Each structure stands twice: as structure tokens, then as C-alpha cells.
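This report describes selected strands, helices and contacts of one structure. The sequence and the structure come first, and the description follows.

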Amino acid sequence: MAVSQTRNLGLPLINLLRLKGVPILQQLHLEERLLRTSSDNWCIINDGTIDPTIVMGISGKPQELLEIESILRDDIPVIRRFTGGGTVIVDQGTIFVTFICNKDAVPGLQSYPQPIMSWSSLLYKKVFQGIEISGFARMIDYASCTAVVLSDYVLGDRKFGGNAQSITKNRWVHHTSFLWDYEISNMGYLKLPKRAPEYRQARDHLEFICRMKDYISRSSFIDRTIEAVGSEFLLRSAELEDAHCTLGSKFEPSSRLLRKQELGEAIFKSLTASQS
Amino acid sequence: MICRKIYQKNPWSFSQWWRCVYSATVPPSSVADAAARSSSFEMGSLSRVQATIFTNPRTLFFLSNRYEGNALSTSFGIKGCKFTSQTMADLPIGGVVDVPLAQTGEGIAECELLKWFVQEVRDQVEEFQPLCEVQSDKATIEITSRYTGKVLKFLHVPGNIVKVGETLLKMVVDENAFSNQCFEASEVMKVQGSNVSELDVVDLGLRKAKIGGVLATPAVRNFVKQLGVNIEDVHGTGKEGRVLKEDVLSYAASEGILKESSASSAEQYLQGDQKFSDISSAHGWEYEDKTIPVRGFQRAMVKSMTLAAKIPHFHYVDEINCNALVELKASFQKENSDSGVKHTFLPVLIKSLSMALSKYPLLNSCFSDELQEVTLKGSHNIGIAMATPHGLVVPNIKKVQSLSILEITKELSRLQELALANKLSSDDISGGTITLSNIGAIGGKFGSPLINVPEVSIIAMGRIQKIPQFDEDGNVYPASIMTVNIGADHRVLDGATVARFCNEWKLFIEKPELLMLHMR
């Protein structure tokens, strides 16, 4: 007992919030609230969300990224989140891991996108250590012999987790949605994005992503992630109520559900654009 | 005052202050570099300034003037403030600054402006107050202000793509903001999160230099010099005993150096000075020429390209069908059990190149003009052009003829990591016999490459593009086509040799199974 305490001295404190099946919009609202109104470090793990939902980045244009007609027909909710990045479709097979930290929580970490991604990829490397996985490495584009910016978590050259960040004056959030499992049919709602990292090489979704469940069990992934976090922070278990307690009352989250009307307008925009 | 005391003890210790001072606006390395430079007042390593020019244009001015006093007497012809040529004493403001989009992380060249946090012209902005939110790739980032002042003009609207270094908005900086500055780092360290307007910020541009124990701007110092007055005799009425222009004027008047009635001539003096005070408060550097001495990798490039210019080049262009190559790579990756290895096209291209060279050794040779002889090199040391943040570098893989594709893959990755870290040894970059340039990975269909002296040929590969092709039966099928351009020394090689060599290489790429025929 004394030994482990000594080991933990000097590590920054982080509140670990374990959730299961929380709707992604609620999670995003919580994250944004914690980013802007809390001064603690948080690690949120949400084990699956209930309904399949599409989550776009802050400046995503629906007409370019989504098959809107199928989405409207099948009544799939579309959310625009408060961080940048691309579009994902999440469901019960998705595991979410989010870090919300103060600028100086991790010693030596500069709060810019690349260093943060670098830090988190090292953390996840620990999670996959020992498991027979190919190519979980820094995204260096060997063909060009230049380092491309770190972008996705890959096994080999297939993406298994998408991530995004938001960096404010004193804090940052880095959240990831891991594809533990996914429905092939769901991927049909997403178009091929115009802006894609080099390694994607114009592959469509099914050739581009892979399932984490082929390599690791759900509980094992979550346990190992918590263990990895515990090696860099002092963990303190938190409950959802704790998160709400620390929050200020006047806060309006910016992640929101897009209304059907907006999606309809987006189709119209894309049609008129192609006609002109 | 604490300021002065610490200054005298340890004037140039800037170790970690930058982190406190600059939030998302200035990347640490550039400011630390700037700090190191200012401490020696030298121009050195201006190659690094290249990257930082956008973040801190003021630094350039500082660097280009070795002599702190005299520098200001040269005229810059810079667009300074838009104010009348009144003395600084009359106006409570400083000048106009351009606030650029600073570097937000390596490799990011542009960001999308998402929203402004200040809405109107003339809105007050405090130092470290968030100015706007931008999005770069996956991150939304708050950009905070370096200055205290008022918004003068917005140069972008939300939705615009702003390149790193481009001006986001123009601000009128408060005079008070300047008078609060001195070079003391420790003051800065204390102020994290506290009252920002009283923060002493270190700005390595033209802030009031506290040298010789008296606080005053370089403009004021120059004026003092021109008047032949000793600045230490002047009683400063500015903040912390700062000597302002009106202090000098009143001192000079009281000493009879300048009669009060000849204030107009003093104004003329000061008109000249106004330019300097403009410099000290504003900057229109963007129209100035920037001189960068050639260093490091760029210097090597100058040397080798000057030599290459002497070679009579000819270029041979061909297209290669990479369908088989794409399948091969996929198959390698599928069977890959080593997590440290990532399979790409390049190793196969390198190995097949080596096979072709075995049949056409003239392309792997070296020409000596003085001795008028061609040396056919025994080893295939294939150089790979790499674009690193430090510049173009061409390390080579030695003895490719004896290496397996897997070994080539590992060696390539080793060289690349070293190149990125700028840790290549001289052995890594010398002894090459032929060069491959995969410029296509960055862009372009094909290039016309220049030979890497003393080699006799170089191969530039364009991007692999999927285009429709006809097969033997006249049916259209999708083909991944790569254009290559072989640059060759016409003193050693002729078109026919290069064409045959290229056909041989092409054959190995389009039918990689033929490599097995030569397997030992």
C-alpha cells in the first residue's frame, strides 16, 4: 500500500468517469461543459451509445459528407459537435474515450494538436502492448519520406479510431471514438470525404476502417486504457452527479442536433450547386 | 524595483518564460530561439527565423540591427502609424499592429476561421484574451491576443481559410501596454492568470530597452543622443521612472539646450523620431525584403545544384502501370506480423530498380570530367530524396543488390527517422550511385529532376493516379498509372540506353513475379 502511494506522488489528479450507453449528444454537452467551466482533469469513458448517430465536426457541411436522403429516410440523428475533425457514425459498438485536461496537467506537454495527439498515441500504444497488432505506430508516410501530421489511430493502414480536439486558453479536450465494432450498413450513410489523410488513398469506408474487436475484448480494452491512464495520472473515480456538481449554471453547449429542416436545405443547396 | 534588480543579476535567462507569456500564439521553439538570439544580438541561424517570421515579425527587425542605437537612425520607409507627426507625448496611443495567425502545430499550413470573440471595431482587447477560434484539421484552437489594445480592422470573416502567417486583424495597441514591458522574465513567471494589464511581457521586438539602468525607448535614447544629453540626468516621469520624450524636452529646455520657443524645431526632430516610434510601436514588415543566409541543407543544395547545372541533362518520360504493385503491397501488408514494419511501394520500386541496374550498369556509374572516364560502380547505393523540415536531403541505402525487400523497408524507415530528426551521418548521405525522388507523394504528375552529382542519372516518380486504360480486348479497366521522368547525363548515357533500362525496370514493376527469376 505504501509502495503504491509513493509511486503516485507527484502525478496529477484526474477524475475518471465511466459511463455506459450514454447518448452521444449528452456526452458532448458534458464534455464541453467540463472543458469550459471545470478546472479539474477528466477522463471520460463511455462504453457504447444507444442509437446509431452521425457526429460531424464543427465545420462539417452535410451535403459534402453525408448521404442525406438515406439519413432522412431512416431517421438517423445528425449532430454537429464542438470540436474539429471529420465525420463518424457511432452506435453501441463504439467506445468513447475523452481527455479533458488543464494546459499544464501533463508535464512538458505543449497544448497544440500534434503534441497532444503524440501523447495520446503513446498512451494507447501502452494499451495495445503485447497484443499481436501490426503497424500501430506513428503515421509516417513512408512513400513520401516526410512525416505527415498525426491524424488517426491505425492498425496496419486501417483506421480504428477517430479523434478530435479543442484547445482553449488554459485547457484542452481530446476525444476519440473507437470502432470496437460497427455495422456495415451504417457506413453507407457517410460519403467519401473531400479532405482525407494521404494514407487513405481514396479507399471507401469499408476498406479503410477495421474493427478493434478482432484484436481485443471490450472489457480488456477499457481496463487497459484505465491502467494506462493510471500510469500517468492519479485516478479518482467520479460519478455523473459529481460532474454536474462542479459545473456553472450559465453555460450553453454548442454541440447540437441538426434539424430535419437543415438537412433538407442542405440537399437543396447541393442540388442547386450542381445545376449552376 | 524587482525588475531592475533581477535584470542586473541575470538579464538573459529566458528558460521557460515563453510558456507563460505566449499562449496559443507563439510556438515555444521559435520564441526560445528568438530569446537566444537576442541575448547575443547576432544574426546567426536566421534559417530558423524563416519559420518564425510569421509568428514574430518584430524579431526580424531586432536581428537585422546589430547596433541597437545606430540602427534606428537608418530610415526604414515603413508604413507606420497613421497618425500625425505629433510627439509621442501628445498621443496616448502606440501604433497599429498586424496580428497574424501564428503556428499552431507542425505541418499545419492553414486554418479555417470559425468565429471571432471580439465583435466590433474599437472593442477593447486585453492581453491573453481569446481573440478568435480557428480549426485546423482536427482541432479547434482558441487564439489569444498578444497585445492589449483596440480592434482596428477585421481582415477575415468566419468561414475563411487563413494561412499561417497571414494577418487576422489589425489592432491599435495601447501605449500603456508598452510602458509595462521590460525584459525581466521572472516578473512574467509570477503573473500567470493574474491581472493581465499589469503583466510585464517580454517582447523581443522593439520594446523599451532597459540598458544602462534607465528605462526608455530606443527612440527616446536616440533623441537624447542627438541632443547631446546624458540620459541618466533626465528625470523620468513615466511608469517605473521611465524617461519619456517630454521629460527629455523639459530637461533640455531647463538646461537651455533647447529653448521652449523652438519647440517647432524639436518637433521636426521628433518627426524624424516619429518614424522610429512608429517602428517601436507598429510594423509594416510585410513589405520589407527578408534576407536569409544560406545554411545547412540549403547550402548543400546550392552546391550540388550548381554542379548539376554543368551537366548536359536529357529527360526521358514514361508511364508505368502499378496495378500489380498495389496488389503486392496489399499482400505484404496482409501477411505482415511485425508491428514495427509498414509496407509501402518504395521498397519494391527500389529493389526492381536494382535488378534493372544489374542489366544496365551504365546508369549506376560515375563520370569524371578531368580524367575523361566513366566508373561503373559495383554497389547499387540508391539514394532517396527526402523532404524534411530542415530541407532536402538524400540519404542512400547501401548495397541494394544484396538486400531483400524487407531489409530495404527497414533500412528506409531507419534513414527516414534519422532524416526527420536531422541526425543523418555523413556516411548515410554520401556514396550514392543513383537517386530516386518520390515527389509524387507530395504532388505533381512528373518532374524534371536534376542529377545529384557525381551520379549520372536520377528518377522522379509522379503520383500514382487511377485512370481508365484499354486492355488487349479493347475493354476499359481502371489502372493505377505512375509517370516517371528519368534525368540522365548525356555525356555518359544516350536515349536508347535509358529507354531500354526504363523498359526493364517497368517490366519488373508491372510483372513483379519476374523478380523471382533472379532470386538467389
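Strands here are DSSP runs (E) of at least two residues, helices are DSSP runs (H or I) of at least four, and both are numbered from the N terminus. Two strands pair if DSSP finds at least two bridges between them. A:Ile54 stands opposite A:Ile89 in E5(A). E3(A) is also joined by three bridges to strand E4 (residues 78-80) of chain A, and these two run parallel. The partner of A:Ile54 in E4(A) is A:Val78.

This is a predicted model, in which local features need pLDDT of at least 70 and side-chain atom pairs count only at pLDDT 80 or more, while totals for chains, interfaces and linings use all residues. Residues are numbered from 1 along each chain as its sequence is written, chains are lettered from A and ligands numbered from 1 in the order in which they are written, and side-chain values use heavy atoms, with hydrogens and water left out.

In a regular strand the side chains alternate between the two faces of the sheet. Buried means under 20% relative accessible area, with exposed over 50% and partly exposed in between (1.4 Å probe, protein chains only).

Strand E12 (residues 365-368) of chain B is likewise covered on both faces, with B:Ser365 and B:Phe367 buried on one side and B:Cys366 and B:Ser368 buried on the other. Four bridges join E12(B) to strand E13 (residues 373-376) of chain B in the antiparallel sense, and B:Ser365 has B:Leu376 as its bridge partner. The two strands form a hairpin with four residues between them, and B:Gln372 in the turn has a positive phi of about 55°.

Chain B also has an open sheet of six strands in the order E11-E20-E19-E18-E14-E17, with mixed pairing. Its edge strands are E11 (313-321) and E17 (396-397), each of which pairs on one side only. Within the sheet, E14 (residues 382-384) and E18 (residues 434-437) pair in the parallel sense over three bridges, with B:Ile382 opposite B:Ile434. Helix H14(B) lies across E14, E17, E18, E19 and E20 of chain B, running at about 150° to E14(B).

Two helix pairs are set out below. Axes are lines fitted to C-alpha atoms, for helices over the stretch in contact, and angles run from 0 to 180 degrees between N-to-C directions.

| Helix pair | Axis distance | Angle |
|---|---|---|
| H14 (residues 346-359) and H15 (residues 405-420), chain B | within 9 Å | roughly 120° |
| H5 (residues 113-128) and H8 (residues 218-232), chain A | 8 Å | about 125° |

H14(B) and H15(B) are therefore oblique to each other, and so are H5(A) and H8(A). Angles under 35 degrees count as roughly parallel, over 145 as roughly antiparallel, 65 to 115 as roughly perpendicular and the rest as oblique.

In contacts (heavy atoms within 4.5 Å), residues of H14(B) including B:Leu346 and B:Ile350 meet residues of H15(B), among them B:Ile408 and B:Leu412. Residues of H5(A) including A:Trp119 and A:Phe128 meet residues of H8(A), among them A:Phe221 and A:Arg224.

B:Glu504 lies in helix H17 (residues 495-510) of chain B. At 13% relative accessibility, B:Glu504 counts as buried. B:Glu504 touches B:Ala356, B:Lys359 and B:Tyr360, not counting residues up to four places away in sequence.
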